[in-house]
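Please view the structure first.

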Amino acid sequence: MTKNDFISSRKKIAKDYFLQGFNCAQSVALAFYDLCDIDKEMMSKLSSPFGGGMGQMREVCGAVSGMLIIEGIISGYSSPTDKEDKKRVYEETKSLGEKFKEINGSIICRELLSSVPHSTDGTPAERNQEYYKKRPCAELVENAAEILAEKLFEVIQKN
């Protein structure tokens, strides 16, 4: 598989998950679950709280959170005393977030969706044509999947 094919397929998978009704974090994470030692249901559960900018708080965009969940599973550190590994992970995290911000202007959900009213009582918005018309979320999910796929393709090629 070429790099372009890998990136295109992951973007499509992520967008398809979003259009099925998964939140933005789940959509990105699920587009890569097959590269992790975790099944689809567990990945869906693990990433579920991060939709709506973390439970509708509109903080960090769920697409970014989904991207970082996968980053952590694939390239994260596990030793609390390995400062070099911790530094590497933080640098990679910043790089992914900065790329997303460069493309979209922010990594903060409320800034990305500033013109879209939202529920604060936990009720998910009805997924219909109006929902998708008002929100750039499907595109944000694709952007996060593309950024992550670009990075992971290199990692996969090395292994």
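## The largest pocket

The largest pocket has 26 lining residues, and Gly51, Gly52, Gln56, Ala125 and Tyr131 are the ones nearest its centre. A pocket is an open set of points on a 1 Å grid over the protein atoms alone, where a 1.4 Å probe fits, with protein on both sides within 12 Å along at least five of seven lines; lining residues have an atom within 4 Å of a point. The model is predicted: local features need pLDDT of at least 70 and side-chain atom pairs 80 or more, while totals for chains, interfaces and linings use all residues. Residues are numbered from 1 along each chain, and side-chain values use heavy atoms, without hydrogens and water.

Helix α4 (residues 51-54) gives the largest share of the lining, 3 residues. Helices are DSSP runs (H or I, at least four residues) numbered from the N terminus.

## The nonpolar core

The largest nonpolar core has 37 residues, and Phe32, Ala63, Met67, Ile70 and Phe100 touch the most other members. Such a core is a set of buried Ala, Val, Leu, Ile, Met, Phe, Trp, Tyr and Cys residues joined through side-chain atoms within 4.5 Å. Its largest share, 11 residues, comes from α9.

Beyond its neighbours within four places in sequence, Ile70 contacts Ala29, Phe32, Cys36, Met43, Leu148 and Leu152 (contact means heavy atoms within 4.5 Å).

## Asn143

Asn143 is in helix α9. Asn143 counts as buried because its relative accessibility is 10%, and buried means under 20% relative accessible area (1.4 Å probe, protein chains only). Leaving out residues up to four places away in sequence, Asn143 touches Phe100, Ile103 and Asn104.

Technical notes
Helices (H or I, at least four residues) and strands (E, at least two) are DSSP runs, numbered from the N terminus. Buried means under 20% relative accessible area, exposed over 50%, partly exposed in between (1.4 Å probe, protein chains only).
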